[in-house]
Amino acid sequence: MSTDPHSWLAPSHFIMLALLGGFGLIHSGLASLRMAAEKKLGARLYRVIFALASITAAVIVIGYFLKHRYDGVQLWQLQGTPGLPGFIWALSAISFIFLYPATFNLLEIAAIQKPQVYLYETGIIRISRHPQMVGQVIWCIAHLLWVGTSFNLATCLGLIGYHLFGVWHGDQRLAKRYDDAFEAVKARTSIVPFLAIAQGKQTFKLQEFLKPAYVGVAGFIWLFWIAHPLMMRAAFSVRW
């Protein structure tokens, strides 16, 4: 394997894919164990374990990505294109709306309230039954436009591949938990964005997005924008 960080075979490409595989194993593996684990540990303790493990793995992946995003072969260079930074930030903001949809109960995420699994068919689920996958694809498009390296391409292919697996895996878990009720929701929703709306199975309702939780999502996007330079400096300070 080449030790040149600017080649197709740079070690960082393979390390990143291994880190993504590890994150997927932790995140999806623990999700698969949820029903059995909650019976033994309780819903709150399980959520704390799941969140700590997933967040730790995600921080490692994000940090490694930030430090090595310019590794590999430069496939295209669009930085300096007029209007591109604003377009990329707009795409990134949209991606976070899908990645962190406000259909989640924020108190349950923090295990302040007892975490539960819901079968949603409102809000962003009307657009896509798997908004996280859609958000990840949008995020990858934005970041590939800005950093056109083979490392970034490999990262995005790995992320999208994992989220496509998550589409199948998520449907399997919901079908196991809700049986016919999920099949009914599945028939009325779509994975492809806006397809169910175009088919007349769903109706876009703006009022469902006018929730306090979406203010939290907007605040998170703003804080992420503010913290972006700090995150990059922190990532570069780590020797990996």
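This is a predicted model: local features need pLDDT of at least 70, side-chain atom pairs count only at pLDDT 80 or more; totals for chains, interfaces and linings use all residues.
1. The lining is made up of Trp89, Ser92, Ala93, Phe96, Ile221 and Phe224, and its largest share, four residues, comes from α4, while α4 (84–99) and α10 each supply at least two.

2. The structure holds one cavity of 30 Å³ or more, and the space in the largest cavity comes to about 30 Å³.

3. The largest nonpolar core has 17 residues, and within this core Met16, Phe65 and Trp139 have the most contacts. At least two core residues come from each of α1 (11–32), α3 (43–68), α6 (131–146), α7 (150–178) and α10 (212–237), with α3 giving the largest share, five residues.

4. Leaving aside residues up to four places away in sequence, Trp139 touches Phe65, Ser95, Cys156 and Leu159. There is also a second, separate core of 14 residues, which includes Phe98, Met133, Val134 and Ile138.

5. His130 lies in the loop between α5 (106–109) and α6, and this histidine counts as buried because its relative accessibility is 10%, where buried means under 20%. The side chain of His130 reaches the backbone oxygen of Val167 at 3.4 Å, and, again not counting residues up to four places away in sequence, His130 touches Gly166, Val167, Gly170, Asp171 and Ile191.

Key. Residues are numbered from 1 along each chain as its sequence is written. Side-chain values use heavy atoms; hydrogens and water are left out. A nonpolar core is a set of buried Ala, Val, Leu, Ile, Met, Phe, Trp, Tyr and Cys residues joined through side-chain atoms within 4.5 Å. Buried means under 20% relative accessible area, exposed over 50%, partly exposed in between (1.4 Å probe, protein chains only). Contact means heavy atoms within 4.5 Å. A polar contact is a pair of N or O atoms within 3.5 Å; within protein, one must be able to donate a hydrogen and the other to accept it, and residues adjacent in sequence count only if both atoms are side-chain atoms. On a 1 Å grid over the protein atoms alone, a cavity is a set of points where a 1.4 Å probe fits but cannot get out, and a pocket is an open set with protein on both sides within 12 Å along at least five of seven lines; lining residues have an atom within 4 Å of a point. Grid points are joined across faces, edges and corners, and a volume is the space filled by probe spheres set on the points.
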